[in-house]
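This briefing covers the aromatic rings of one structure and their surroundings. Please have the sequence and the model at hand while reading.

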Amino acid sequence: MPYVYILECHDGSFYVGSSWDLSSRVATHNAGRGSAYTRRRGRRPVRLVWAAGYDRIEDAFAREKQIQGWGRAKRLALIDGRVDDLRNLSRSRSSNPD
């Protein structure tokens, strides 16, 4: 089953990815053989903080790209399960009437 996942890096930043084998992929990140982002100094160890499984890899990849476009507050809402807050945290919504 393909997964989309969010890792919390040691420096507090988040990394969003997708994989067929979630536990192996997290181990790869922690071993310093994952993405360039998680290989950077200060980012490891990483910790899995959210994941969702999908029936089709295309759906997982589309969700990964969607979440990668989100800001920190929206990612935190997803991680915390505050699904009702996601719409209000959209970048396209602006409290500035200008």
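Tyr15 counts as buried, because its relative accessibility is 16% and the cut-off for buried is under 20%. The model is a predicted one. Tyr15 belongs to an aromatic cluster that it forms with Tyr5 and Tyr37.

**Burial**
- Tyr5 is buried, as is Tyr15.
- Tyr37 has a relative accessibility of 28%, so Tyr37 counts as partly exposed; that class lies between the 20% limit for buried and the 50% limit for exposed.

**Aromatic pairs**
- The model has two aromatic pairs.
- One of them joins Tyr5 and Tyr15, with 6.3 Å from centre to centre and 45° between the planes, and this pair is tilted.
- Tyr5 is part of strand β1 (residues 3–8) and Tyr15 is part of strand β2 (residues 14–19), so this pair ties together parts that lie ten residues apart in sequence.
- Tyr15 also pairs with Tyr37: the ring centres are 6.1 Å apart and the planes meet at 25°, so this pair is stacked, the cut-off for stacked being under 30 degrees.

**A charge over a ring**
- Which residue lies over the face of Tyr37? Arg43 does, at 3.8 Å from the ring centre.

Methods: Residues numbered from 1 in each chain as written. Predicted model: local features only at pLDDT ≥ 70, side-chain atom pairs only at ≥ 80, totals over all residues. Heavy atoms only, no water. Phe/Tyr/Trp six-rings, centres within 6.5 Å; stacked < 30°, edge-to-face > 60°. Helix = DSSP H or I, 4+ residues; strand = E, 2+ residues; numbered from the N terminus. Buried < 20%, exposed > 50% of the residue type's maximum accessible area, 1.4 Å probe, protein only. Lys NZ or Arg CZ within 6 Å of the ring centre and 35° of its normal.
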